[in-house]
Amino acid sequence: MLIISYLFFLSCTKSPELKYEWTNLFLSCGYCNGRKPNSSEILNPLNQNIEEIIAHRIDIYSKKVEFVSETKDKSTNDTVELLNKLFNGKSNIRDVKKKILFDDLGREISNFIKMLLNYRSESSMANKQIIIDLLHVSKEFLGFKYWIIRDYGFYEDFKDQLIWNKLS
């Protein structure tokens, strides 16, 4: 059974007046909410472009992800720490979920890289549209895809599609 709880962006320990402010609440699963320390203040994905602030990188072979940021404020540091804990944390049930997540992530990213290589070898509109479809806001693992676009020199071709978490 999935238990839904509220995750607070700004700590209610430090700012109790925000406890019932909708702009400070976000639905999360119990696992994720339970891993966020009460003292942390994470970035709000509704009004901050987390994928631009925090790099999302994956090593498919070692099954490790890394979240890093050049921005060093408390909210960014707390968010990076939480993401690394959620994706790389250790617990028996989490290890099973992590394996499933990495299998899905590995397939999606491998396919995405294959499509980028196809586009690089033949930059037709048909191949570009395939990449655009894979970058649609309804698709999974967009943060990782966005950083692959940036890291491998495709930014100029697809910058208009990198819209995840942006308010419009």
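Within this protein, 56% of the contacts with a separation of 6 or more are accounted for by residues 24 or more positions apart, where a contact means heavy atoms within 4.5 Å. The model is a predicted one, in which local features need pLDDT of at least 70 and side-chain atom pairs count only at pLDDT 80 or more, while totals for chains, interfaces and linings use all residues. Residues are numbered from 1 along each chain as its sequence is written, and side-chain values use heavy atoms, with hydrogens and water left out.

The protein has seven helices and four strands, arranged along the sequence as β-β-α-α-β-β-α-α-α-α-α. These elements are DSSP runs numbered from the N terminus, with helices being H or I of at least four residues and strands being E of at least two. Of the 168 residues, 38% count as buried; buried means under 20% relative accessible area, exposed over 50% and partly exposed in between, for a 1.4 Å probe and protein chains only.

In soluble globular proteins, nonpolar side chains tend to be buried together. Here the largest nonpolar core has 30 residues, of which Ile131 and Ile149 touch the most other members. Such a core is a set of buried Ala, Val, Leu, Ile, Met, Phe, Trp, Tyr and Cys residues joined through side-chain atoms within 4.5 Å. At least two residues of this core come from each of strand 4 (64-68), helix 3 (74-88), helix 4 (92-121), helix 5 (125-134) and helix 6 (142-151). Helix 4 gives the most, with seven residues. Beyond its neighbours within four places in sequence, Ile149 is in contact with Phe112, Leu116, Ile131, Leu135, Phe154, Tyr155, Phe158 and Leu162.

Helix 6 deserves a look of its own. Eight of its ten residues are buried, namely Leu142, Gly143, Phe144, Lys145, Tyr146, Trp147, Ile148 and Ile149. Phe141 is placed in the loop between helix 5 and helix 6 and is buried, with a relative accessible area of 17%. Most residues other than glycine have a negative phi, and most peptide bonds are trans. Phe141, however, has a positive phi near 60 degrees. Gly153, which follows helix 6, has a positive phi near 80 degrees.

Aromatic rings come next. Rings of Phe, Tyr and Trp (its six-membered ring) pair if their centres lie within 6.5 Å, with planes under 30 degrees apart counted as stacked, over 60 as edge-to-face and the rest as tilted. By this rule there are three aromatic pairs. One of them is the tilted pair of Tyr119 and Phe154, at 6.4 Å centre to centre with 50 degrees between the planes. Tyr119 lies in helix 4 and Phe154 in the loop between helix 6 and helix 7 (155-158), so the pair ties together parts that are 35 residues apart in sequence. Both Tyr119 and Phe154 are buried, and together with Phe158 they form one aromatic cluster.

Charged side chains also meet rings. A charge sits over a ring if NZ of Lys or CZ of Arg is within 6 Å of the ring centre and within 35 degrees of the ring normal. The charged end of Lys128 sits over the ring of Phe158, 5.7 Å from its centre. Likewise, Arg150 lies over the face of Trp147, at 4.6 Å from the ring centre.
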